[in-house]
Amino acid sequence: MTTRAAWTWPTLHDGQRTVLLDMLIHGDMSRAELARRTGMSRGSLTRLSRDLTALDLVEEGETDAPLGRGRPAERLRLRPEAAQFVGFKLTGEALYAAVTDLTGAVLVTEEHPLESRAVEDVIELMGQVVDRQRETYDRVAAVGVCLAGDVRQRRGMTEMVSSYFLGWGKVPIERLIRDRTGLPIAVANDVQALAAAHHWFGAGRGHRSMVLIGLGAGIGVGAVVDDKLLQGSRGRAGKIGHLPVECSGPTCDRGHAGCVSAFVTIPAITRAAGTDSLDATFEAARSGDRRAHEALVAAARGLGAVGAYLINMFDPEKVIITGEGRAVAEYIPAELQDSLRSRLDPDAKPLQFDVQPFQFSDYAWAAAISAIQRLV
Ligand SMILES: [Zn+2]
């Protein structure tokens, strides 16, 4: 058996990266359009697109039919098959994996129950998934990992500060996975990664400013302002879990009366409703159960308050809600909007929430996108 040298992502200079980035975010386009968008000269773009074509990342696509008497413009097209990216979402129970192509399209997803939460076992499991995917895909360029937890930069590497669900303290996660796989690694908070992924390739595409609310067992926010994801000094931007939304009411596990975690999260809703799942709460409410109905109304109003605060703070063009608890936004939209409007700055525009479908592997997709973003 002969061993081939593994393919690696090429080192790109700033101009090449700018063009690739613009095509990733805005899709295939003509060189003239790229010149207009990036402010580069046509000559530079001819050179850069030749470089990217030689690197197999881009190809000349079919020509646009000319409008009127102009010459047809050749479109530059990303080659989706130019590279693959493996993304992981890690929870306390399972490892979700997704492989995407260069344009963020999902090629395959997998789910593996965690038999051990020990750091070395989890890293080894990720390593095995990457090894196996590399038997199928010969241009795996980078790996992304996201999880509910705090990450920070330290000496040029990302380390995990803490993850409640995994029971991890400080873990040099980027170095460990890089050492196991030999690939560039991106590590991100899960909600931030999902916001960044929707900004490039999902419901936020084409919007310079957007916020994403991830609602499930907890609640978190990812904010993109002027095309930049807000991460904060310790990757903790968007921790709104204990934001107060009512002056009184039930308390959260920290003893705050009326905070978001006391009303809006799935555990808060099921506790208030006396049910054992969110689905059961909806079912009970629809068949006339007062207590379940009121728990959902309180959650919808809390969510409206969160939306108002986000709009006041970040002035987004779009508010996306996703996660296992997203249906709360659709139960009584009028209550949500009423709560939102009552807290909005008088001149702010009341946005409708864009409720996006969700499955757990979306976070793995987002992690793969963060791997693309790490390289470009
Ligand atoms: Zn609280």
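This report looks at one serine and several salt bridges in a predicted model.

## Ground rules

Residues are numbered from 1 along each chain as its sequence is written. In this predicted model, local features need pLDDT of at least 70, side-chain atom pairs count only at pLDDT 80 or more, and totals for chains, interfaces and linings use all residues, while side-chain values use heavy atoms, without hydrogens or water.

Find S209 in the loop between α6 (190-201) and β11 (210-215); helices (H or I, at least four residues) and strands (E, at least two) are DSSP runs, numbered from the N terminus. With a relative accessible area of 7%, S209 is buried. Buried means under 20% relative accessible area, exposed over 50%, and partly exposed in between (1.4 Å probe, protein chains only).

The side chain of S209 reaches the backbone nitrogen of D226 at 3.0 Å. Beyond its neighbours within four places in sequence, S209 is in contact with residues including V224, P316 and K318 (contact means heavy atoms within 4.5 Å).

## Salt bridges

How many salt bridges does the structure hold? There are 24 salt bridges, each a side-chain nitrogen of Lys or Arg within 4 Å of a carboxyl oxygen of Asp or Glu.

One of them joins D22 and R37 (2.6 Å, N to O). D22 lies in helix α1 (residues 14-26) and R37 in helix α2 (residues 31-38), so this pair ties together parts that are 15 residues apart in sequence. D22 is buried at 12%, whereas R37 is partly exposed at 37%.

Another pairs E159 with R152, their closest N and O atoms being 2.8 Å apart. E59, R77, R79 and E81 are linked in a network of salt bridges.

Terms used: Polar contact = N/O pair within 3.5 Å; in protein donor to acceptor, adjacent residues only side chain to side chain.
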